[in-house]
Amino acid sequence: MGRSLSTPPRYCRQKKHFGNDLAFVEIAGRRHYLGAYGTPESQEAYHRLLAEFAASGSLRTPAPQLEITVVEVAERYLTWAKDYYVKHGKETAEPSNVALAFRPLIKLYGRTKAAEFGPRALKAVRQEMIDNGGSRKYINRHVGRLRASKSAKYELRVT
């Protein structure tokens, strides 16, 4: 059951290292940044967000579950990795290592919903890597890459 309108989400402060204090509010499990903490603009954004969510009824219902599959998580993470792992304008070897890590995962659980993927499934993927002759170091690195594919919007529950 979601939060009732009688107790609205709190206006919160997040301190950054370089003196930037940010205001945010968490609604339906998602964090919405509002700007600099304590400013009239952030207060206005806070009240506007509350009004929008109250009008849509989102404060009373739980957030919908994403129906994303393991393959879609892998594709999105690989796309992100290709943009992130760049050194001196060239892609590093990490995106291809990520792709290698996802092969046994996709082979075993490609069409499975990401929300249904858990620790037991990760153990099965790890066992597949062992059966394929991977060394402990190789497998541990790949499992680490799979765990790193977690994100706020779409994640594999492997912890």
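Predicted model: local features only at pLDDT ≥ 70, side-chain atom pairs only at ≥ 80, totals over all residues.
Reader: Let's begin with the strands. Which strands pair, and in what sense?

Author: Two strands count as paired if there are at least two bridges between them. Here β1 (residues 12-15) and β2 (residues 21-27) are antiparallel, with four bridges. If you want a residue pair to look at, take R13, whose bridge partner in β2 is A23.

Reader: And how many bridges join β2 to β3?

Author: Six, and β2 and β3 (residues 30-36) run antiparallel too. A handy pair there is F24 with its partner Y33 in β3.

Reader: On to the packing. Which residues touch the most other members of the largest nonpolar core?

Author: The general idea is that in soluble globular proteins, nonpolar side chains tend to be buried together. In this model the largest nonpolar core has 15 residues, and the ones touching the most other members are F102, L105, F117, L122, V125, M129 and L146. At least two residues of this core come from each of α2 (70-84), α3 (94-109), α4 (119-131) and α5 (136-148). A separate core of 10 residues lies apart from it, and L34, A45, Y46 and L50 are among its members.

Reader: Which backbone oxygens lie by a polar atom of the S42 side chain?

Author: One belongs to A36, at 3.0 Å, and another to T39, at 2.9 Å. Leaving aside residues up to four places away in sequence, S42 touches Y11, A23, L34, G35, A36 and Y37. You've met two of those already: A23 is the bridge partner of R13, and L34 is one of the residues in the 10-residue core.

Reader: What about S149: where is it, and is it buried or exposed?

Author: S149 is in the segment after α5. Its relative accessible area is 1%, so S149 counts as buried.

Reader: Which backbone oxygen does the side chain of S149 reach?

Author: That of L146, at 2.5 Å. L146 is also one of the residues that touch the most other members in the largest nonpolar core.

Methods
Residues numbered from 1 in each chain as written. Heavy atoms only, no water. Core = buried A, V, L, I, M, F, W, Y, C linked by side-chain atoms within 4.5 Å. Buried < 20%, exposed > 50% of the residue type's maximum accessible area, 1.4 Å probe, protein only. Polar contact = N/O pair within 3.5 Å; in protein donor to acceptor, adjacent residues only side chain to side chain. Contact = heavy atoms within 4.5 Å.
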